[in-house]
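Here is a short briefing to read alongside the model. Have the sequence and the 3D view open as you go.

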Amino acid sequence: MKPGQQQKLNELIASPIGWQSRLDRYTSLGIGGPAEAVVTLDRRQELQPLLRFLAEENISWRLIGRGTNL
């Protein structure tokens, strides 16, 4: 992700973003590789602007529920 995209993402989301995170912390079996960013939403209102931003910037994303679907 480009630095400008990181800054915009930080502006869109109130909670801290996990940059260069390991996914093992988010899965039920404790396994998983690296993720460029992990975003956790505290407010439902953040979802639509986030999805719009990701689409406009052509950034791939995946939804992780409680990590049992991985």
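Q20 is exposed, with a relative accessible area of 58% (exposed means over 50%, buried under 20% and partly exposed in between, with a 1.4 Å probe and protein chains only). Q20 also has a positive phi of about 50 degrees, although it is not a glycine. This is a predicted model, in which local features need pLDDT of at least 70 and side-chain atom pairs count only at pLDDT 80 or more, while totals for chains, interfaces and linings use all residues. Residues are numbered from 1 along each chain as its sequence is written, and side-chain values use heavy atoms, with hydrogens and water left out.

**Positive phi**
- Q20 lies in strand β1, residues 18–22 (strands are DSSP E runs of at least two residues and helices are H or I runs of at least four, numbered from the N terminus).
- N58 has a positive phi of about 55 degrees and is not a glycine either.
- N58 is found in the segment after α2, and N58 is exposed, at a relative accessible area of 70%.

- The buried residues of α2 are L50, F53 and L54.
- They cover an arc of only 95 degrees around the axis, which puts them on the same side of α2 (the arc is that of the directions from the helix axis to the C-beta atoms).
- An α-helix has 3.6 residues a turn, so residues three or four places apart point the same way.
- Q48, A55 and E56 are exposed on the other side of α2.
- The cover over the buried residues of α2 includes α1, residues 3–12.

**The nonpolar core**
- Seven residues make up the largest nonpolar core: L9, I13, I17, L50, F53, L54 and I59 (such a core is a set of buried Ala, Val, Leu, Ile, Met, Phe, Trp, Tyr and Cys residues joined through side-chain atoms within 4.5 Å).
- Helix α2, residues 47–56, gives the largest share of this core, three residues.
- Leaving aside residues up to four places away in sequence, L50 touches L9, L12, I13, V39 and L41 (contact means heavy atoms within 4.5 Å).

**The largest pocket**
- The largest pocket is lined by 23 residues, and A37, V38, V39, R62 and L63 lie nearest its centre (on a 1 Å grid over the protein atoms alone, a pocket is an open set of points with protein on both sides within 12 Å along at least five of seven lines, where a 1.4 Å probe fits, and lining residues have an atom within 4 Å of a point).
- β2 (34–38) and α2 are the elements that give two or more residues to this lining.
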